Amino acid sequence: MSRSIQTGSKRGTYKDGDPHPSVPDRFFAGYRKFPDGSPKEEWRSLKAQESLRKRQKNYRDSHKKEAKAYSETYRKENRKELLKKKREYQRKNLAAHVARAKAYKYKRKEEYNKLSEKDRNTVSGIYFASQRISKCLGISFHVDHVTPLSKGGKHIPENLQIVPAKWNLSKSNNNNDRFPYNTSTA
């Protein structure tokens with residue numbers, strides 16, 4: 001690699017795939033340590049960049065299970081740090097976070113307004129029943145979406161169920177299970 005293509009720019013100036021400012025057909029590929037020990041910009045030709053992308057895609061496709069297992073293990077082992085980073089990011093990018101939340105609520109409201117009057121009344125009745133059950137039994141109950149909204153579930157009566165709050169909170173949005181009511185009369 002020729003040193004003439006180094007720009008001498010501060011680290012973080014370029015992102016992967018950015019074109020070189022003065023040399024045509026060169027794209028930024030990252031920083032790497034050269035034999036002298038200093039990090040240098042690494043620029044690749046378009047052909048090399050495309051070849052690298054193909055190799056990376058083939059590798060990702062053939063190692064999906066290992067990558068998923070590694071990600072799950074990493075998330076479990078670093079849960080507190082990841083939550084801390086997430087909160088910090090949300091705090092720093094509050095406007096974007098609020099905008100996403102508003103867009104999500106608007107979309108949900110829009111879908112709810114498309115329901116028939118009968119379905120809207122049924123949904124309201126389910127929420128009312130949940131409150132009444134909680135009040136009568138003294139145990140907190142939630143209205144749960146069987147298929148979570150975040151995973152494409154709809155806010156319709158067929159996708160709602162009344163479940164104990166503890167079970168619903170432990171479920172999060174990780175599965176599409178219905179609550180295992182014990183209906184046996186033994």
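**Rings, burial and overall form**

Biologist: Why is Y31 called partly exposed?

Modeller: Y31 has a relative accessibility of 22%. Buried means under 20% relative accessible area, exposed means over 50%, and partly exposed lies in between (1.4 Å probe, protein chains only). So Y31 counts as partly exposed.

Biologist: What kind of model is this?

Modeller: This is a predicted model, where local features need pLDDT of at least 70 and side-chain atom pairs count only at pLDDT 80 or more, while totals for chains, interfaces and linings use all residues. Residues are numbered from 1 along each chain as its sequence is written, and side-chain values use heavy atoms, leaving out hydrogens and water.

Biologist: How many helices and strands does the protein chain have?

Modeller: There are 6 helices and 4 strands. Helices (H or I, at least four residues) and strands (E, at least two) are DSSP runs, numbered from the N terminus.

Biologist: Is the protein chain a compact globule or more spread out, and how do you know?

Modeller: Its radius of gyration, taken over C-alpha atoms, is 26 Å. The C-alpha trace spans about 80 × 40 × 30 Å along its principal axes.

Biologist: What makes Y14 and W43 an edge-to-face pair?

Modeller: Rings of Phe, Tyr and Trp (its six-membered ring) pair if their centres lie within 6.5 Å. Planes under 30 degrees apart count as stacked, over 60 as edge-to-face and the rest as tilted. Y14 and W43 are 5.0 Å apart, centre to centre, with 75° between the planes. So the pair is edge-to-face. Y14 lies in the segment before β1 (26-33) and W43 in strand β2 (residues 39-45), 29 residues apart.

Biologist: Are Y14 and W43 buried or exposed?

Modeller: Y14 is at 16% relative accessibility and W43 at 1%. Y14 therefore counts as buried, and W43 therefore counts as buried too.

Definitions and conventions: Rg over C-alpha atoms; globule rule 2.2 N^0.38 Å.
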